[in-house]
Amino acid sequence: MTTPYTERPLAPVTVDAATEHFWTQAKEGLLCTRRCTSCGEVHWYPRALCPFCMGDTEWCSLSGLGTIYSVSVTRRAGPIAYAIAYVALDEGITLLTNIVDCDFDDLKIGQRVEVTFKPAEGGAMVPMFKPA
Amino acid sequence: MTIKRKACIAGAYEHPTRKAPDKTVAQLHAECARGALADAGLTLQDVDGYFCAGDAPGLGANNMADYLGLTKLRHIDTTDTGGSAYLIHVSHAAQAIAAGKCDVALVTLAGRPRSEGSSGVAPRLVTANTPDVPWEMPYSPVIVNMYALAAARHMHEYGTTSEQLAWIKVAAAAHAQHNPNAMLREPVTVEEVLASPMISDPLHKLDCCVVSDGGGALVVVRPEIAARLKRPVVNILGAGETIKGQLGGHVDLTWSGAAISGPIAFKEAGVSPADIQYASIYDSFTITVLMQLEDLGFCKKGEGGRFVADGNLISGVGTLPFNTDGGGLCNNHPANRGGITKVIEAVRQLRGEAHPKVQVPDCTLALAQGTGGSLGSRHGSATLIMERQ
């Protein structure tokens, strides 16, 4: 059995004070998050204050490489099947995402993946992951 | 301060409807309130504490308290942790009673997701400014696939199988066949669960709870008041609550908030998991049950699959009878929030009023456990331990 990836429409992203820089970077093909200027830890999702120590934070770039922590092919929540996943990035943070550009039935926890970007309505580029 | 034996559940009522196209949500709340007060032998005029959560229409408790005609209120609590909120309400009611803030607390829940067409595969409701939404909504998280991520990881880490998860549904269905109000009353087999459509790997349709209209209400009172009433006295022995999230990106789907709320409740109650004779375990999905059972200490972490297999949760068959009303998997999941029905069936068991086919003999110690929100991202967890006096 195969369940090929199919493009599905992506709604416009939320652009606000917390997200604007992230979406600007994403259009350049860059994935980023925020790091604490006090304790030095990176975290996800990006916040203005560090969730580990409440210190101030600054943007930092991410490699876009990681492994699948968990994955579920959602088959009956709409007309198009899609793969939702948590990907553990090499930097030590795990983010919710979609896996794309592959046969979903071959996906496995522990598999290496790399970031790729898919267009949303309104022109934003949404980071997703594909097998590395 | 402890709440141990400082308050009692004197009234419990589960609305019999599972589809209510001709009633409003407020009306369902009121019918549940009337039912629970009548069950306790109390009236509207006795209520001085009111508890409700996000299913109650309007601004906090304002609109429902006014609709219900509650004019003697001196304590209000609208804590909302999704489906687990109502277990927290019972705990908070006990705290308020112990602190002298109220004497008779009313908790209500009601909703019409079935009539309104809101199911578990619809996008979750979010409000503007919810900080995690911009980072997650592009990926289409829905209720079922976020629980599926927890299930997939559990299988990877511990070797849990779909057959083992199916046993949870089989046990719920074995109980539901005796509940005339249950939405699904047909017994099912492991094979039938596995043959049902795959919704989001590895959760099949029959791993998912029902979508039902309905509601429930509870009345929590001071022990002196409970002693004057005609109903069997159900004491609250201990309670725990917490919220678990994504831990700043250090996501760990192998444990739920029950790992925190459970030990707090057991310590306050002064009992251990081995003492519990009946357990109501929140069953939005089969995986929800399995992880909570592990986290509460009914078995070791990773051994939940073996623990639930072969009918171990079936009353009269296994060692831990669970959800003898059929639970959310078969009976009822009003407002897509199953917390209150968990307490209601535990009260039935402690009173000896469960269906004779599922009643646990001489049931004196019971537990109710709720998980509200998403096991795969952020959820509130609440544990409640009760005894028959």
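Two bridges connect strand S1 (residues 31-36) of chain A to strand S2(A), and the two strands run antiparallel. The structure is a predicted model, in which local features need pLDDT of at least 70 and side-chain atom pairs count only at pLDDT 80 or more, while totals for chains, interfaces and linings use all residues. Residues are numbered from 1 along each chain as its sequence is written, and chains are lettered from A and ligands numbered from 1 in the order in which they are written.

S1(A) and S2(A) belong to an open sheet of three strands in chain A, with the order S2-S1-S3 and antiparallel pairing. Strands S2 (42-43) and S3 (57-62) of chain A each have a single partner strand and stand at the edges, so one side of each is left without a neighbour in the sheet. Here strands are DSSP runs of E with at least two residues, helices are runs of H or I with at least four residues, and both are numbered from the N terminus. Two strands pair if DSSP finds at least two bridges between them. The loop between S2 and S3 of chain A holds Tyr45(A), which is joined to Trp44(A) by a cis peptide bond with omega about -5°.

Chain A also touches chain B, in a contact that takes 31 residues from chain A and 29 residues from chain B. Residues are in contact if their C-beta atoms, placed from the backbone, lie within 7 Å. On the chain A side, strands S4 (65-74), S5 (82-89) and S6 (94-99) each supply at least two residues, and S4(A) gives the most, with six residues. This side of chain A divides into 20 nonpolar, nine polar and two charged residues. In this scheme Ala, Val, Leu, Ile, Met, Phe, Trp, Tyr, Cys and Pro count as nonpolar, Asp, Glu, Lys and Arg as charged, and the others, Gly among them, as polar.

Helix H10 (residues 258-269) of chain B packs with H11(B) at an angle of about 45°, with the axes 8 Å apart. That angle makes H10(B) oblique to H11(B), and their crossing is right-handed. H10(B) brings Ala258(B), Ala259(B) and Gly262(B) to the contact, and H11(B) brings Gln292(B), Asp295(B) and Leu296(B).

Helix H6 (residues 143-158) of chain B packs with H11(B) at about 55°, with the axes 9 Å apart. These two helices are therefore oblique to each other, but H6(B) passes H11(B) in a left-handed crossing. The contact residues are Tyr147(B), Ala150(B), Ala151(B) and His154(B) of H6(B), together with Ile287(B), Thr288(B) and Met291(B) of H11(B). By class they are five nonpolar, two polar and no charged. Axes are lines fitted to C-alpha atoms, for helices over the stretch in contact, and angles run from 0 to 180 degrees between N-to-C directions. Angles under 35 degrees count as roughly parallel, over 145 as roughly antiparallel, 65 to 115 as roughly perpendicular and the rest as oblique. A crossing is left-handed if the near helix is turned anticlockwise from the far one by less than a right angle, and right-handed if clockwise.

Some loops of chain B deserve a look as well. Pro202(B) lies in the loop between strands S5 (198-200) and S6 (203-204) of chain B, and a cis peptide bond with omega about 0° joins Asp201(B) to Pro202(B).

How values were computed: Two residues are in contact if their C-beta atoms, placed from the backbone, lie within 7 Å.
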